[in-house]
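Hello,

Here is the structure for you to look through. My notes follow below it.

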Amino acid sequence: MELRDACAVVTGAGSGIGRAIALELAVSGMEVVCCGRRLDRLQETVAAIKQSEGMGMALAADVTDASQVQRLMDAIMKHRGTVDVLFNNAGSFNSIAGVHEVDVETWWDDVTVNLLGPLLLIRAILPHMMARDSGIIINMNGGRPVGGTGYACGKAGLMELTRILNDELRMQNSSILVFGAGPGLVRTEMTELQAESEAGRRWIPSTYESFQRGRLRRPEDVAQATVRLLQTATLADSGKSYGPDTDFGEWGT
Ligand SMILES: NC(=O)c1ccc[n+]([C@@H]2O[C@H](COP(=O)([O-])OP(=O)(O)OC[C@H]3O[C@@H](n4cnc5c(N)ncnc54)[C@H](OP(=O)(O)O)[C@@H]3O)[C@@H](O)[C@H]2O)c1
């Protein structure tokens, strides 16, 4: 795909990996619509994009709220009239507990942010991509640790959605491509909660240990892998997963 002047929507672009992806796509010449709930964080990402002479805009939306996603879509269509790339990066991992003791509301919130959110964004944007028979959708995968069943169920569902969406698109002879992404372990707000909270240390000690040993990926690593993917991916690659280590491979985390 030619990235210059193309339009990307990145959810969760106000922090962590999503921020790095938004910056890298903008440096590659794309206009990036930065989405998330905290407008101030999105505006900070857009300010960083503009500092490097890139194009970006901040639009706040909760990805689990269908009417907010629709409003987001209306604003993008009014501004650009098209979306070339959708990166469903927003995720939630706040339920850290054994199944016997989970807080159901927090658990379900993890499922909905990781699964319903991407579905709502895809449902809003895909018809426009279909009308042009062009576009790339990327869904962010994640690990499946004990103590993280809400997150794991959401991500497992999202990867099934990715796989079947790809099958549906191929069945319709579409040119739209769909991928899963696996960033490896990156130090962000999400993983800091695992490393620093009592529940995180108890259930997912490997995060703290990896922090201690410095065994981490940089958010820029998956951002750069994303640019390579967008520039080179073909129909034959669609439905696969990619990450900083492998251009295409097993579903990574
Ligand atoms: N860090 C890792 O090691 C790692 C490993 C594997 C996969 N991942 C995945 O990478 C993605 C990014 O995570 P991260 O590590 O960069 O953590 P992060 O900094 O906590 O990012 C999560 C982002 O999701 C947004 N978000 C959460 N709920 C939302 C909602 N309802 N609506 C809209 N946006 C929402 C947050 O923004 P607001 O709070 O402003 O809404 C935030 O910007 C996630 O999908 C995560 O599962 C991360």
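The buried residues of α3 are Val69, Leu72, Met73 and Ile76. (Buried means 20 or more other C-beta atoms within 10 Å of a residue's own, exposed means 12 or fewer, partly exposed is in between, and C-beta atoms are placed from the backbone.) These four lie on the same side of α3, because they cover an arc of only 100° around the axis. The arc is that of the directions from the helix axis to the C-beta atoms. An α-helix has 3.6 residues a turn, so residues three or four places apart point the same way.

The face of α3 turned away from the buried side carries exposed Ser67, Asp74 and Lys78. The buried residues pack against β1 (7–11), β2 (31–36), β3 (55–60) and α4. (Contact means C-beta atoms, placed from the backbone, within 7 Å.) Just after α3, Gly81 has a positive phi of about 80°.

This is a predicted model: local features need pLDDT of at least 70, side-chain atom pairs count only at pLDDT 80 or more, and totals for chains, interfaces and linings use all residues. Residues are numbered from 1 along each chain as its sequence is written.

**The whole chain**

The protein chain has nine helices and seven strands. (These are DSSP runs numbered from the N terminus: helices are H or I, at least four residues; strands are E, at least two.) Buried residues make up 46% of its 253 residues. Its C-alpha atoms fill a box of roughly 50 × 45 × 35 Å along the principal axes.

Best wishes

Notes: Contact = placed C-beta atoms within 7 Å.
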